[in-house]
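Please read the points below with the model open beside you. They take up a strand residue, then the ligand site, then a helix.

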Amino acid sequence: MKDFHQKSKQELMSILNVTSKGLNNKEVQKQREKYGLNQLQETAKKTTLQVFLEQFKDLLVIILLFAASISMFLGNSESPIVIFSVVLLNAILGTMQHIKAEQSLNSLKALSAPTAKVLRNGEKIEISSKEVVVGDILYLDTGDYVSADGRIIENYSLQVNESSLTGESESVLKTDDIIKKDNVTISDKKNMAFSGSLVTYGRASILVTSVGMDTELGKVAELLENTKEKRTPLQVNLDNFSKKLAAAILIICVIVFGLNMHRGYAFVDSFIFAVALAVAAIPEALSSIVTIVLSLGTQKIAKENAIVRKLQTIESLGNISIICSDKTGTLTQNKMTVKKIYIDNKILDYNELNPEKPIEKKLILMSLLCNDAITIENKEIGDPTEVALVNLGDIYNLDELTIRKNYPRLDEITFDSERKLMSTVHNISEKTLMVTKGALDVLLSKTVMINSCDGIKPITPKDIENIEKTNEKFSKNGLRVLAFAYKEINTNKSITIDDENNLIFVGLIAMMDPPREESAKAIADCISAGIKPIMITGDHKITASAIAKQIGILKQDSRAIEGHEIDKMSDKELKQKVENISVYARVSPEHKIRIVRAWQEKGNIVAMTGDGVNDAPALKQADIGIAMGITGTEVAKDAASMILTDDNFSTIVKAISNGRNIYSNIKNSIKFLLSGNIAGILSVLYASLTSLPVPFAPVHLLFINLLTDSLPAIALGLEPNKKEVMREPPRDVSTPILNKTFGINILFEGLLISICSMTAFHIGLNTGDKKLASTMAFSTLCLARLIHGFNSRSKESIFKIGLFSNKYLCIAFSLGFVLLNSVLLFNPLKIIFEVSYISLRQILAIYGLSLTPFITIQTYKSLFPESNTKTTYYKNLLEKTIYHQFRN
Ligand code: ATP
């Protein structure tokens with residue numbers, strides 16, 4: 001069979017059995033069965049069994065099992081059986097945690113999976129890229145990634161970057177002509193588009209010829225490694241900390257082992273005790289809890305319309321101090337309606353045009369021809385700016401499809417936000433005309449004539465003044481203005497941007513795009529959270545300023561500037577002035593990078609939104625690049641760390657609030673784990689150093705580890721959101737999570753729990769029964785740690801946030817409480833867990849002592865609420881940094 005590039009479109013369509021309506025469902029099914037899904041193969045995933053077995057890879061667990069086996073061999077069977085069971089249960093819990101974390105990461109990936117636009121059953125639909133099959137007609141627009149290999153069948157100045165295949169970084173201009181040559185290289189197959197390349201300009205449709213591993217990319221690609229999430233800074237931080245902590249704990253365990261031996265305990269018993277202490281004290285769950293909480297957090301954020309592509313992003317959300325946002329569609333509704341028209345030196349309302357007048361009809365026709373939007377059965381498809389023009393045509397009973405059929409498009413230069421113009425070519429009244437629409441300032445500079453009811457004449461300074469004044473008037477009312485012009489061309493060759501000059505001005509169409517209802521509140525929330533919102537838009541400065549004022553971004557002392565003013569500033573100057581600028585208008589994507597950098601150099605963490613292909617570098621430069629899910633290109637989404645599925649600014653603010661909450665929950669969870677573990681170590685150390693008997697049996701330590709290390713810690717990570725986090729300034733990146741205050745708090749809380757456990761131990765010892773003493777110490781430590789979960793929920797007193805408002809913690813606590821009491825009260829369990837009989841009074845003592853740290857800590861929190869000091873600090877900070885610019 002001849003190569004695809006050597007075939008005509010018709011030949012290929014008939015070979016692949018495709019009609020101009022695309023494939024139907026049955027054929028899609030057939031092709032999928034034949035060629036499989038359009039995806040590169042991945043290396044095999046770990047099975048559940050492998051994950052389970054990996055839980056035993058921990059050296060300490062191996063040592064523990066080994067020691068328990070020896071102990072069993074020596075005839076001591078009860079304790080080792082419990083050790084085996086607890087280790088097994090821990091491994092099951094670990095496996096479940098791993099699988100849960102993996103599932104959330106997978107669903108995260110699925111959410112941000114790339115999509116493709118195809119023609120099927122005569123309808124253009126969007127599907128997941130992996131569902132593309134051979135024979136599909138695939139549409140490519142600027143900013144798309146090509147998702148399969150295919151022969152170009154319709155081409156509008158398509159340019160593609162094929163560097164992933166050829167290494168060539170320059171874009172390649174494509175064609176839909178047949179290429180006759182044999183044995184051509186990939187770069188010479190100019191009438192084909194290849195999977196993995198990126199559309200940098202123009203648009204096209206291609207007939208898919210190969211998918212998945214059969215594509216050129218599939219042939220060169222190695223098996224995709226199951227992309228492993230990179231560890232987040234917090235995880236790395238904790239891993240390092242855990243290693244140091246583990247070393248310290250091991251030293252303590254060696255000391256305890258030595259002391260026990262010295263006091264005449266058997267070698268095996270001392271050894272098992274030391275190892276059990278290490279297993280219980282080393283917070284091995286720390287890192288996996290962070291992963292689980294972060295990945296569950298991504299799901300929560302996704303439900304609120306923001307897809308976080310990397311776990312790391314969640315952590316950084318809380319650091320954001322600047323949000324640079326697009327205007328159109330993000331802060332505004334992107335529902336445009338034409339309000340005013342300027343034509344023939346008159347300002348008209350949208351419904352006052354008279355199609356009987358040739359010049360007025362001409363403007364409507366131009367607005368429908370230089371336009372890609374359509375409305376079918378009340379469904380609007382396309383750019384809202386252009387949809388507004390189609391709706392304008394409807395008012396005058398002019399149907400866009402009929403008009404476009406009567407005057408077919410012969411050529412076009414697509415709109416791009418840098419040029420801010422769009423042009424199309426049509427035969428009208430036996431003339432070939434190029435219709436151009438776009439931003440007035442750009443278009444006016446290319447205009448030489450003006451069309452009025454008196455005919456066409458050179459444009460005068462007076463005309464220009466009138467047009468500009470009208471534009472200013474429209475813009476001041478927040479209207480978005482499009483200018484229209486045309487010219488006759490007498491050429492057969494394709495038009496280029498050099499043809500966009502010597503134009504004849506016809507009129508202006510101004511449309512309203514009201515701010516989203518929620519924008520003003522979201523902006524206010526940002527400011528009170530110490531975050532500065534900034535508007536960056538391609539629109540006119542006056543329009544942008546009008547909207548920015550309405551929603552509270554632009555206040556008295558902040559300024560609006562235009563892109564060309566940035567061009568005149570050096571990076572240093574921009575850095576000096578950046579704090580006073582809240583609106584950037586008529587910017588191009590390069591300006592965005594400079595603005596982000598200027599803020600970053602001032603030590604800020606910057607979030608930046610973007611949608612176009614040229615926005616990708618700025619999205620990458622920003623600390624958090626945010627792409628638009630609805631209007632954004634695949635390239636922007638690929639470059640971003642977060643995608644907004646509703647393109648809405650307020651979603652960013654919600655995500656930040658979630659991010660801040662998640663971080664604070666993780667911090668609380670770590671605090672809970674570490675303070676509990678320290679309580680255990682301090683108790684054992686105390687007993688060893690004061691020559692008291694060993695306070696816990698190894699099974700006690702393992703039981704506590706099982707009950708308190710996983711479930712309550714995860715439950716703390718799922719603590720409901722607190723509004724207060726948005727009344728605090730952004731977290732400073734340089735402040736580590738494990739700082740001095742945090743350390744002192746942990747130590748203090750651990751000490752408190754330890755004192756209570758040892759008090760229980762002494763009460764037991766006073767009766768002369770060592771086993772009873774150990775039972776009391778164990779149950780107090782266990783219960784106090786479970787109750788301590790409630791202390792760790794917030795900086796505020798539990799009575800302020802509601803005792804039962806974290807239902808997961810209530811469940812984890814209840815489960816632990818029931819299990820502990822079962823061990824204390826049921827005879828068979830008593831034997832297994834080396835627990836002695838205890839009286840009701842002793843049980844009450846245990847309950848009372850376990851509650852003591854809780855009561856102490858809660859009383860302290862009520863007497864010295866941290867939020868007060870925080871509020872004062874926060875007020876001062878805001879006064880100094882943010883508010884002063886608005887107030888002066
Ligand atoms: P933002 O950057 O906030 O999304 P924007 O949508 O106004 O704002 P661009 O899409 O870059 O930014 O548009 C810049 C200017 O280009 C607009 O002010 C308008 O004058 C013009 N413009 C927008 N859309 C079109 C279009 N489809 N055809 C021709 N000109 C357009």
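1. Ser-423 sits in strand β15, residues 421-428; strands here are DSSP runs of E with at least two residues, helices are runs of H or I with at least four, and both are numbered from the N terminus. Ser-423 is buried, at a relative accessible area of 0%. Buried stands for under 20% relative accessible area, exposed for over 50%, and partly exposed for in between, with a 1.4 Å probe and protein chains only. The side chain of Ser-423 makes a polar contact of 2.9 Å with that of Thr-436. A polar contact is a pair of N or O atoms within 3.5 Å; within protein, one must be able to donate a hydrogen and the other to accept it, and residues adjacent in sequence count only if both atoms are side-chain atoms.

2. The model is predicted: local features need pLDDT of at least 70 and side-chain atom pairs count only at pLDDT 80 or more, while totals for chains, interfaces and linings use all residues. Residues are numbered from 1 along each chain as its sequence is written, and side-chain values use heavy atoms, with hydrogens and water left out.

3. Which residues are closest to the ligand? Of the 20 that surround it, they are Lys-327, Thr-328, Ser-417, Arg-480 and Asp-539; a residue counts as near if one of its heavy atoms lies within 4 Å. By class, the shell holds six nonpolar, five polar and nine charged residues. Nonpolar covers Ala, Val, Leu, Ile, Met, Phe, Trp, Tyr, Cys and Pro; charged covers Asp, Glu, Lys and Arg; the others, Gly among them, are polar.

4. Strand β19 (479-488) and strand β16 (431-438) each give the shell at least two residues, and β19 has the largest share, three residues. The ligand lies between domain 2 (317-333 + 516-647) and domain 3 (339-512), because both give residues to its shell. The domain bounds come from an automatic or database domain assignment.

5. A ligand nitrogen atom is 3.1 Å from an N or O atom in the side chain of Glu-386. The protein covers 92% of the 600 Å² of accessible area that the ligand has on its own, by the Shrake-Rupley method with a 1.4 Å probe.

6. Glu-386 is also one of the buried residues of helix α13, where nine of the twelve residues are buried. Helix α13 (residues 384-395) should span 16 Å at 1.5 Å a residue, and its end C-alpha atoms are 17 Å apart, which agrees; the expected span is 1.5 Å times one less than the number of residues. Just after α13, Asn-397 has a positive phi of about 55 degrees.
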